[in-house]
Amino acid sequence: MSAPGAEDDIPLGERKTVTDFCYLLDKSKQLFNGLRDLPQYGHKQWQSYFGRTFDVYTKLWKFQQQHRQVLDNRYGLKRWQIGEVASKIGQLYYHYYLRTSETSYLNEAFSFYSAIRQRSYYSQVSKEDRPELVVKKLRYYARYIVVCLLLNKMDLVKDLVKRAILSKSHSHPAHSSPIIPAVIKLLKPAAQNVSVSAVGNVDNTVVITSNRLQEGGVPQLEQGMIVGQLTLADALIIGNCANQVKFSELTIDMFRMLQALEREPVNLATQMNKPGTLETSEKPAKRENPHKYLLYKPTFSQLYTFLSASFKELPANSVLLIYLSATGVFPTGRSDYEGPYDFGGVLTNNNRDLLNGETVHKRSQAHKEMHCLHPGDLYPFTRKPLFIIVDSSNSMAYKNFTNLFGQPLVCLLSPTTYPKSMQDQSQRGSLFTLFLYNPLMAFLHVCGLSSMRRGLWDKSQEYLRKVYRDVGQLMTHSRAIGTARTAEYYDSLLRLCLPNVLAIGFLTVESWVQVSELYKETRSFPETYPQLPKEETVESPMIQKHILELATMLDVQNLFIDSTLSDY
């Protein structure tokens, strides 16, 4: 702001402009800082506060646009300060996306972050004698990268990581902050492409494929079928894998499952071409994406708090999905009575050392692990419809689940062991979750195909859609499968989400391991609770024929057990 002695020379109108700007700036900071105190769980407590914060930031942004010249001359407004306001608005949109699961808010966050870069708001911070500004710039890059990851903009992610590292190297060493190396350490894993197979055009450019739910992928109901009453309303995505690459409190498995449970953002193709508009937009039309909690290494008390809140607010005729990607905890001995706490479970938080991914015991073997989630811990929540996915080395502990209340209950359980070649890839995510996320990409991965032409990719995806339809019909026609699945199958979102992406992805991986030469141990097979009738599903000649035909299409039929298509 101008020197005190010169304030008398400032016209009254301009002085009021500066005062109003300072008020809006202070108010916006106060409200933004207050977001940290809002409960992370629950649907209603935070909405009014978010609304007030959005309103103040909208006024602040428009005010600085309308009075930029006065603020430049009388307040000394710097470009990095404008960038800081834009970055905060981007953060608001991103956190609103996390709380609502509405993917269109990612577009808004991307628009603000992208415009900050285009307008070079942070370009001069390295020349300032203030290391905290370099930290602000790097944190902006970190937030921008997270949004780009969620929008599958992998080329942009790699470029941003390089620029962030370059920004750090240009900062004056005498004014360095200890926070800067920590931020850079978090940025580097983002440069690793989460895709395990590349899809290319004829000109060798890489095509980034989306794995969110597509409306056209919904299996159509046959004539006479009635849409059921259950809808997928809430999902808890929990991650604690010792060696898995993570970024911004998201492991790769969590990142993949997050997208598997979302629809594509509204108008993604058109909005992504307008990153520099920087205008706060109206809320998009409401769509029924399931609300999600992302919990990285939660303690038992934290996990139970979120579970209880989600259970309490679960609407009538709705399903709660729990996804667990975590290190297994195994029982230390056998007891006379084997109950729901005697088979071990999964470790959601590490309160002891890990050596090569294995837990190192520091306490008496008589004490059970405090942060182990046992099957019995979930029994109280089976009072409402529940869908559980366990991706762990001890997933089979949940095979002994008991449905005490007669509500719809399904468990999908990962294999407990993989071939050595797959174990070596564990840092890049679990094969089981990859099949649920993108069956074709997983199929290519296990067949050793690192790239594919776009035309063959599209042809294979179209073939898989036929497989999905056939498996969907098989599930609905089978009386043996029971009400746990048929009650959920007919709802529109669950037809889009669970059978197409989860259940059918699960059947694909189990059918594949049944006919693959690499998978000969029973521990390499996924399991379900209640058990699927194998003769009507994974051992069905129709399904195995589909898998072998896909292998033939990709010219990898030699990897499978010596069976010919004529056998079917």
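In helix α1, the residues E14, T17, V18, F21, C22 and L25 meet V70, L71, R74 and Y75 of α3, where a contact means heavy atoms within 4.5 Å. This is a predicted model, so to speak of local features takes a pLDDT of at least 70, side-chain atom pairs count only at pLDDT 80 or more, and totals for chains, interfaces and linings use all residues. Residues are numbered from 1 along each chain as its sequence is written, and side-chain values use heavy atoms, with hydrogens and water left out. Overall, the protein has 18 helices and 15 strands; helices (H or I, at least four residues) and strands (E, at least two) are DSSP runs, numbered from the N terminus.

**α1 and α3**

- The axes of α1 (residues 12–34) and α3 (residues 68–75) come within 10 Å and cross at roughly 90°. That makes α1 roughly perpendicular to α3.
- Axes here are lines fitted to C-alpha atoms, for helices over the stretch in contact, with angles running from 0 to 180 degrees between N-to-C directions. Angles under 35 degrees count as roughly parallel, over 145 as roughly antiparallel, 65 to 115 as roughly perpendicular and the rest as oblique.
- The residues of this α1 and α3 contact split into 7 nonpolar, 1 polar and 2 charged. For that tally, Ala, Val, Leu, Ile, Met, Phe, Trp, Tyr, Cys and Pro count as nonpolar, Asp, Glu, Lys and Arg as charged, and the others, Gly among them, as polar.

**Helix lengths and buried residues**

- With 23 residues, α1 reaches 33 Å from its first C-alpha to its last, close to the 33 Å expected at 1.5 Å a residue. The expected span is 1.5 Å times one less than the number of residues in the helix.
- Buried in α1 are T17, V18, F21, L24, L25, S28, L31, F32 and G34. Buried means under 20% relative accessible area, exposed over 50%, and partly exposed in between (1.4 Å probe, protein chains only).
- The cover over those buried α1 residues includes α2 (47–66), α3 and α4 (79–100).
- Helix α11 (residues 300–313) has 14 residues and should span 20 Å at 1.5 Å a residue; its end C-alpha atoms are 20 Å apart, which agrees.
- On α11, the buried residues are L303, F306, L307, A309, S310 and F311. Their cover includes β3 (231–240), β6 (291–296), β7 (318–329) and β11 (372–373).
- Across the protein, buried residues make up 54% of the 568 residues.

- Most residues other than glycine have a negative phi, and most peptide bonds are trans.
- Y529 and P530 are joined by a cis peptide bond, with omega about -10°. P530 lies in the loop between β15 (527–529) and α18 (541–553).
- S120 isn't a glycine, yet its phi is positive at about 55°. You'll find S120 in the loop between α5 (104–118) and α6 (131–150), and it is partly exposed, with a relative accessible area of 34%.
- N152 also isn't a glycine, and its phi is positive, near 60°. N152 is in the loop between α6 and α7 (154–170) and counts as buried at 10% relative accessibility.

- E369 lies in the loop between β10 (358–359) and β11 and is buried at 5% relative accessibility. The side chain of E369 reaches the backbone nitrogen of H371 at 3.1 Å.
- N349 is in the loop between β8 (345–347) and β9 (354–355), buried at 15% relative accessibility. Its side chain reaches the backbone oxygen of K297 at 2.7 Å.
- Setting aside neighbours within four places in sequence, N349 touches N240, K297, P298, T299 and H371.
- S392 sits in the loop between β12 (386–391) and β13 (409–413) and is buried at 5% relative accessibility. The side chain of S392 reaches the backbone oxygen of A326 at 2.9 Å.
- Leaving out neighbours within four places in sequence, S392 is in contact with A326, T327, G328, V346, S414, P415 and T416.

**Links across the sequence**

- Of the contacts between residues at least 6 apart in sequence, 76% join residues at least 24 apart.
- E102, in the loop between α4 and α5, is buried, with a relative accessible area of 7%.

Conventions. A polar contact is a pair of N or O atoms within 3.5 Å; within protein, one must be able to donate a hydrogen and the other to accept it, and residues adjacent in sequence count only if both atoms are side-chain atoms.
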